[in-house]
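Have the structure open as you read.

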Amino acid sequence: MAQIGSFVPAEYASFRITRQIFTRIGSDDDIETNSSTFMLEVSTTLSNLLLLLLFPEMKEINYILQNVTNDSLIIIDELGRGTSSEEGLAICYSICEHLVTKKAFTFFATHFLELTTMDGLYPNIENYHMEIQRVFNEDGQGEKISYSHTLSKGSTSEKHYGIELGKLSALPAELLHEAEVLSKNLTEREKSQSESSIEAKKERAIFRLGTKLIQAAKNSCLDENGLQAYMQGLKSQYYRDIEDMEE
């Protein structure tokens, strides 16, 4: 906004000069019926959904990757939702890593919570989320989500946001209940499978530390004092992780 001479509603603003703007925003929101893209998707067949979502977004992303520079501004929303969760996550992760090497300023909105772990590997990645609140229904039976429209630093702790949105649609209650049970069972299974020995956890901690050091050496724009403080923070975090494992 400041770059084009518009008023910036802030007490202070620091920004990079942008020479190109790329967007990948696949939104089918219906304003007239107050229906989000997700709401419309629940009534769309899977085959049509794949055709509508996967191919156009891959073409758009390919164009961005071919033309992005360090001075670019990139806005990407819900990439990879037109394929399986495993493939979608893998595609998003690879694209994020590629954009990190380009040092382009990027806003990447996603429902893949696994992507939020990238801030532990790359010092120039930060997580933010839009806060929601759980409030009781008017009849006092059950809860519903309320939007605060507040942007907060860090990743969200909400694990079943899609199911909560599904409750606002016309999906049958028994279907949503079954989906909630299955989702919790899958989460518990993944959690139990990820648990391992202390030695394996130490190896992962060493790997994370080494990766952060490599990425800082390649991509950091910090001055000498800032880099020294960052390194000290990595050292302290590593020792805390090791101590937590041994307790």
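F22 is buried, at 8% relative accessible area; buried here means under 20%, exposed over 50% and partly exposed in between, using a 1.4 Å probe on protein chains only. Before going further, note that this is a predicted model, where local features need pLDDT of at least 70, side-chain atom pairs count only at pLDDT 80 or more, and totals for chains, interfaces and linings use all residues. Residues are numbered from 1 along each chain as its sequence is written, and side-chain values use heavy atoms, leaving out hydrogens and water.

What does F22 pair with? Its partner is Y63, in an edge-to-face aromatic pair with 6.1 Å centre to centre and 65 degrees between the planes. (Rings of Phe, Tyr and Trp, the last by its six-membered ring, pair if their centres lie within 6.5 Å; planes under 30 degrees apart are stacked, over 60 edge-to-face, the rest tilted.) Because F22 sits in strand β1 (residues 20–25) and Y63 in helix α2, the pair ties together parts 41 residues apart in sequence. Helices (H or I, at least four residues) and strands (E, at least two) are DSSP runs numbered from the N terminus. Y239 is partly exposed at 46%.

Now for the core. The largest nonpolar core has 18 residues, and I61, I74, I76 and L79 have the most contacts inside it. Such a core is a set of buried Ala, Val, Leu, Ile, Met, Phe, Trp, Tyr and Cys residues joined through side-chain atoms within 4.5 Å. At least two core residues come from each of α2 (46–67), β2 (72–77) and α3 (85–102), with α3 giving the largest share, five residues. Setting aside neighbours within four places in sequence, I61 is in contact (heavy atoms within 4.5 Å) with R24, I76, L79 and I95.

H149 lies in strand β5 (residues 143–153) and is exposed, at 67%.
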